[in-house]
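Here is a walk through one protein model, sheet by sheet. Keep the sequence and the 3D view side by side as you read.

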Amino acid sequence: MAAQGAPLTRDHGGGLDAARAQWGGDDWLDLSTGINPHAYPIPHLPPTAWTALPDTGAETALIRAARSFWHVPEGTGVLAAPGASALIAALPRLAPGRRVVIPHPTYNEHAAAFAANGFEVVADGDEDALVIVHPNNPDGRLWPDRQAPFTVIDESFCDVCPDASRVAEASRPGFIVLKSFGKFWGLAGLRLGFAIAHPDTLAPLAEALGPWPVSGPALGIGATALGDTAWAMETRARLRADAKRLDGLMERHGDLVGGTDLFRLYDVGDAGAMQDRLARHQIWSRIFPYSGSWLRLGLPPTTDWTRLEQALT
């Protein structure tokens, strides 16, 4: 059973095929996701990254870079996976009990994964299992310290606010921090994610993923990107400025509800009408099944700000 008002349908951003089918056109600007529009530049990869099975050395280099970038405590494990979604799907098999607290509204894959594994999903209470998206998607809320015997902290969007990370707590058994590579680095198609937790907590996850869970190209690109701290600092500054610019554009159209420096959430009154208005300019946005007024927008690339401004005029 789900908490009241917490849909278990897997609705997401993206889905440009449906937008094209309804409104036509091929040149769409997708602002329905919270993906960095200026992705990390793909480094040179040796041919063996594509032709050979991923080797231990490449995996070790990736994990070392992840430990350094996220300041993972000594003795805490880091597990690389083919995207955070793969970890989200596997986590319910580790959780105790049959009830999980997932505060709503939030990213709906967590509730769907637990429900598919027979859990009752509730929005609040004292339970053995707790899932928090931090910062929250879609409103950007940063959660105060909250724990359960089995706690999942989804930090898919936390790389824009690293000081808010709870990785320092991940040495406690049963406390898992998830990281997504696709959002901040803008390489969602690479399918790379991480779980950070006590080694005993990670062991069954590693067993579930099996050998070679991460591709050779993902190992190489991930290690290079995580080691590029200068790019990360410059990117945070640009995203912060662009988020403020987007808020300025939307001032006449709705009230800011929240968000992160990768996406913004607005109360526009009639979200469906605003989505339709933007779609007529081939700009895709995100609305939600549980709110008729919330509209979420990602950041446009530098070359498309004028296009968004014209659509909102």
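Two strands count as paired if DSSP finds at least two bridges between them. Arg-286 has Arg-296 of S13 as its bridge partner. On the other strand pairing, Leu-265 also stands opposite Arg-296 in S13. Bear in mind that this is a predicted model.

Now widen the view to the sheet around S13. Four strands make up an open sheet, ordered S9-S10-S13-S12, with antiparallel pairing. Strand S9 (255-259) and strand S12 (286-288) are the edge strands; each has a single partner strand, so one side of each is left without a neighbour in the sheet. From one strand to the next, the twist averages 30 degrees.

Look at the individual pairings. S10 and S13 run antiparallel and are joined by 5 bridges. S12 and strand S13 (residues 291-298) also pair in the antiparallel sense, over 3 bridges. Within S13, Leu-295 stands opposite Ile-287. Helix H8 (residues 229-250) packs on this sheet and touches S9, strand S10 (263-267) and S13. The direction of H8 makes about 20 degrees with that of S10. Helix H9 (residues 271-279) packs on the sheet as well, touching S12 and S13. Its direction makes about 35 degrees with that of S13. The link from S12 to S13 is a hairpin through 2 residues. How much of S13 is buried? S13 is mostly covered, with 7 of its 8 residues buried.

Next comes the other sheet. Here 7 strands form an open sheet in the order S2-S8-S7-S6-S5-S3-S4, and the pairing is mixed. Strand S2 (77-81) and strand S4 (120-122) stand at its edges. Each has a single partner strand, so one side of each has no neighbour in the sheet. Neighbouring strands are turned by 20 degrees against each other on average, direction ignored. Helix H3 packs on this sheet and touches S2 and S8. The direction of H3 makes about 120 degrees with that of S2. Helix H6 (residues 199-209) lies across S2, strand S7 (175-180) and S8. H6 runs at about 20 degrees to S2.

Turn to helix H7 (residues 216-226). Of its 11 residues, 9 are buried. Among them are Gly-216, Pro-217, Leu-219, Ile-221 and Leu-226. What covers the buried residues of H7? The cover includes helix H2 (48-51), helix H3 (56-69) and strand S8 (193-197).

In soluble globular proteins, nonpolar side chains tend to be buried together. The largest nonpolar core in this model has 63 residues. Those with the most contacts inside it are Trp-70, Trp-185, Phe-194, Leu-226 and Leu-278. Take Leu-278. Leaving aside residues up to four places away in sequence, Leu-278 touches Ile-283, Ser-285, Leu-295, Leu-297, Leu-308, Ala-311 and Leu-312. A second, separate core has 24 residues, including Ala-81, Ala-95, Val-152 and Ala-197.

Now check the cysteines. How many disulfides does the structure hold? The count is 0. The sulfur of Cys-158 has its closest cysteine sulfur in Cys-161, 4.1 Å away, which is too far for a bond. A disulfide needs the two sulfur atoms within 2.5 Å. Is Cys-158 buried or exposed? Cys-158 is buried, at a relative accessible area of 1%. Cys-161 counts as partly exposed because its relative accessibility is 23%.

Last, the record. An unreviewed UniProt entry carries the annotation "domain: Aminotransferase class I/classII large" over residues 52-122 and 135-299. In residues 52-122, the end C-alpha atoms lie 45 Å apart, and the span is 41% helix and 15% strand. In residues 135-299, the end C-alpha atoms lie 17 Å apart, with 32% helix and 24% strand in the span.

Notes: Residues numbered from 1 in each chain as written. Predicted model: local features only at pLDDT ≥ 70, side-chain atom pairs only at ≥ 80, totals over all residues. Heavy atoms only, no water. Buried < 20%, exposed > 50% of the residue type's maximum accessible area, 1.4 Å probe, protein only. Contact = heavy atoms within 4.5 Å. Axes fitted to C-alpha atoms, helices over the stretch in contact; angles between N-to-C directions. UniProt positions renumbered as here; feature names shortened; annotations may be inferred. Core = buried A, V, L, I, M, F, W, Y, C linked by side-chain atoms within 4.5 Å.
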